[in-house]
Every structure is written in C-alpha cells, then in structure tokens.
Amino acid sequence: MSANAGKSLDSLNSWDADWKGLRVVVAGLGLSGFSAADTLIELGAIVTVIDGRDDQMNQQRAETLKIVGAHEVLLGTANVQSLPLVDGQQAQLVMVSPGWNPRNPVIAEAESKGIEIWSDIELAWRVQNRAGHTAPQWLAITGTNGKTTTVGMTEAILRAEGLKAVAVGNVGTPILDAVREPVDYDVFAVELSSFQLHYTHSISPVASVVLNLAEDHVDWHGGFENYKAAKAKIYERTQVAAIFNAADEVTITMVENADVIEGCRAIGFTTDTPAVSMVGVVEGLLVDRAFIEERKTSAVELIALKDIGEIVPRHTAANAAAAAALTRAYGVSPEAVAEGLKNFDSGDHRIQAVARKDDILWINDSKATNPHAADASLAAFTRVVWIAGGVSKGVEYGELIAKHAQRLAKVLLIGTDTAGLREALATHAPKVEVIDITGEAQGNDGSAPSGAQVMTRAVSKAAEVAEAGDTVLMAPAAASMDQFSSYAQRGNAFIAAVSDLMDKAGEEK
C-alpha cells in the first residue's frame, strides 16, 4: 500500500515528494486538465480522468494519456454524474479544471466526502520545488478585466530586464508545462481566474494584484460575494507587495483583510496623480512613487503614455501602472519598465483599431465579454455606434447603459440573449435607436443565422447609420458562445466583415 493511503496531502510539497500511488481524479480534459493528468502520471500517481465531451479532440488526448500510463480515461456525460473510484478505491485528490463549478455533482460529492480539491495552479506551486532546480518567483494577477493585457505587459517588462520569464496560468502556456520545461525560469507572470483561485490554497507570490472587481461569473460562483472571496485569495501569503486599484475600494478592502507575509507593503496604482506608495500618472507620464527611497517628496519617471500605443484609454494606462508596480516590486529597473511597455504588443480583440474611413473609426473589442470591460471601451470614445450582445452570464446592464447613454448614437444587437440589454436600454437610454441584427439576419424559413452572417449584417448596418466622427465599437459586453466558438472567432468575424466593407467601398470609387 502507498505511503499516501489515508494521509494528509500536506507533505506533497515538491516534485521529489512521495506522490507514488496517490489516487487522483482529474476532472476535465482541456489544456489544464491534460497537463495536470500528464504531470501526475509522471509523478507516479494513479490517475483517472473524466470529461463529459466524447469528441475527437478528447479521444486523441485520452489515447495519449493511456499511452503514458493513465489508469482510466472516462469520456461522455454518463461518466461525469458522480465521483468515480480510482483503482477500486475512493480518490484521495480531485484535480479540477476551471469550467467545473462547486455545484457540479462530481465536485459536490468530493467536497461532501472531505476529499481535497486542487486547481492546476495549486499543483504547480507544489511541484515547482525540485532537487537541482531553482523554483521561479511568482507575480500573480487577477481581476474582472485586463488580466491578459497586464500579464503580457508584466512578461514583456521582465524580459526587458533580461530575466527568464513567461506568462502562464489562465493565458498562454499551461503552468504545469512551464514547470516541466528544461528551463530554470526566474519569474512566472501568473494570470489567475476566479475559478482557479477558488481551488488554490498555498501559493505565496512575491507580489499580487486585483486589477478591478465587477459583477461577472456570478452563475459559476453562486453569487457576487463568493466571486469576490475567490479573487481576494490572491493576496494571501503575498511576500513583498499587495497591489490594489486606488479607484476600486473593494480591492483596498481585500488588501486590508489579507493575511500577508510580515513586511509586505500595500501598494496602489492609479491613472491619477499618485500618493506616496503608489504608481500613477502625472501629465501624461507613468511614474513610480512607491519603490524609491525619496517617495515622500518625488517620483521616478517610467514612460510617457504616448509611447505605449496609438490609443491608450484609461484602462490601458491602469493596466500599465499595475504591471509596473508588480515588476518594480520584484526589483526591475525603470528602464526595463519603459522598454517592456514600449515593445508590448497587446494583440488582437482588445480595443483593436481595424479601419478608419470617412472619419469613422472601426474598433474590435470582442474581448469585452462583460459590462465592466465594455465600460472601459465605451469610455474611450465620444460618440459610438455600439455592436453589443451575446451570452450575458447573469449580469446586469443598467449601470453601464446609464453611464454611457449620452455616447450612444445607435445600438446594434447581436447574440441570442439580449433581453437584459434591451431592458436596460429601454430604461436608461429610451431615445437611442436599437436595431435587432440577429432578427434581421434570420433566414426566410426561420432558421437561425450563423455568427458570421449576423456580424456581416451588423457591420453593413453600422456603415449605413454611422456619421463622420463616430466610432463603430464592437464591444459586446457578453460572452460569445451562442453564435461563435470564442471571443476570438467573434472578433475575427468583425474584422473580416469590416475588411470586406472597405474593399467594396474601394471598388465603387
């Protein structure tokens, strides 16, 4: 019998610990689940993997895991209704993928039986400690919006300093893959979703930040308070700097209530003039008034905002300030902050300028999958033809519409779950014309239009109604799963439709 049988998992704190024979259920066969299963098999655990989808991708992943030594891989809906036995006995550990919420029958059963539940982040924190290797330091990032941009900025700054750094977690490389690479990384820039944080218990980052907090994923967490509590876990055991958003009082309270390592400082970031122990903006310059000895009387210049990009709305400046605070907490030089931010490529689908013609700017912000993200987009422009709608995830739109009603020239609704948006528009922006694009794109036989067809119609209609000086903003404030496979596919559909529109306009001249 394994030494692990019936024992606490507290001793499993390194790659070299006794993982052999540990009975594990891995719930979910996506990238993080596959990576977790592969890692645990290599460690010698007895691994059973379950996933409700029995498609070609999962079948291929299942075959790979069986080849490397998985005990069982169980696919299909019948295999995710209850917690399976592992080698005829109860599991000692459940590894959970981000999509599996606490009310899932498998997860609920594990909790009821007192079985520990870990995220891939928790496992990575433990196994990164390995004889003959130096474990990386962690800079941890979460928030409702801006995580991916901030983690990318953080990675770019760290690399500009000459450090071996990589963005991991809820973005880019699965964290366990990075742990197992034959590279002794200096730093991980770790993007953490609320789902991952919910099942993470031990991490102790050098610095951590909650960028902002707004209503999101309340369906997964079963309420906003649970969502907030999951986000707040990122500050626990922070070593050097617990970084908060000076414009978001909830993040300040989170830091005040966090059980950090003694000596850890509370550091703010802001897009206004920074107080002592903050990173902020003065006359278009990003400045550090936190990590210099003379912070009571002066600040050090990091970079001019205009050097970050052509369009630097307030939320982008905030993300840059947060990334600067994280990396300065680690000890990065001001010069590396400037170089990293200057060379950072924000990528597609986040306030991405697609075209400008006849004094009309076309912006793709498909990554705005909730009202908080759309708020940042809308705030960046004066008069907007807004393309919005999708899967609302149980959020409310009243505050968003009331705040930006004066900016809205027209609203074009895509998506199949627009009732909440319609109600908020009728209440808070009754004079704004709302056009149902999905309804217009519906076939004569009543068939549902494809996402591409809806987007093409939305772009065509936007071109009809937009006036000189307007911005056509595709910032849906909702998820994409009703008509698209991802926010990226939705954004690409918008880009393609705008490109076609521009080509046709050129041919007509």
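Helices here are DSSP runs of H or I with at least four residues, strands are runs of E with at least two, and both are numbered from the N terminus. This is a predicted model, in which local features need pLDDT of at least 70 and side-chain atom pairs count only at pLDDT 80 or more, while totals for chains, interfaces and linings use all residues. Residues are numbered from 1 along each chain as its sequence is written, and side-chain values use heavy atoms, with hydrogens and water left out.

Helix α1 (residues 31-43) and helix α2 (residues 56-68) cross at roughly 10 degrees, and their axes come within 10 Å (axes are lines fitted to C-alpha atoms, for helices over the stretch in contact, and angles run from 0 to 180 degrees between N-to-C directions). That makes α1 roughly parallel to α2, given that angles under 35 degrees count as roughly parallel, over 145 as roughly antiparallel, 65 to 115 as roughly perpendicular and the rest as oblique. The contact (heavy atoms within 4.5 Å) joins Leu31, Phe34, Ala37, Asp38 and Ile41 of α1 to Arg61, Thr64, Leu65 and Val68 of α2.

## Helix α5 against α11

Helix α5 (residues 147-160) packs with helix α11 (residues 314-330) at an angle of about 45 degrees, with the axes 9 Å apart, which makes α5 oblique to α11. On the α5 side the contact includes Thr149, Thr150 and Met153, and on the α11 side Asn319, Ala323 and Tyr330 are among the residues involved.

## Helix α5 against α12

The axes of α5 and helix α12 (residues 334-343) come within 7 Å and cross at roughly 130 degrees, and the two helices are therefore oblique to each other. Met153, Ala156, Ile157 and Ala160 of α5 make this contact with Ala336, Val337, Glu339, Gly340 and Leu341 of α12.

## Annotated binding site

An unreviewed UniProt entry carries the annotation "binding site" for Gly143, Thr144, Asn145, Gly146, Lys147, Thr148 and Thr149; UniProt positions are given in the numbering used here, feature names are shortened, and annotations may be inferred rather than shown by experiment. Of these residues, Asn145 and Gly146 are included in the lining of the second largest pocket (on a 1 Å grid over the protein atoms alone, a pocket is an open set of points with protein on both sides within 12 Å along at least five of seven lines, and lining residues have an atom within 4 Å of a point). Asn145 is found in the loop between β6 (137-142) and α5.

Notes:
1 Å grid on protein atoms, 1.4 Å probe; cavity = no way out; pocket = protein on both sides within 12 Å on 5 of 7 lines; lining within 4 Å.
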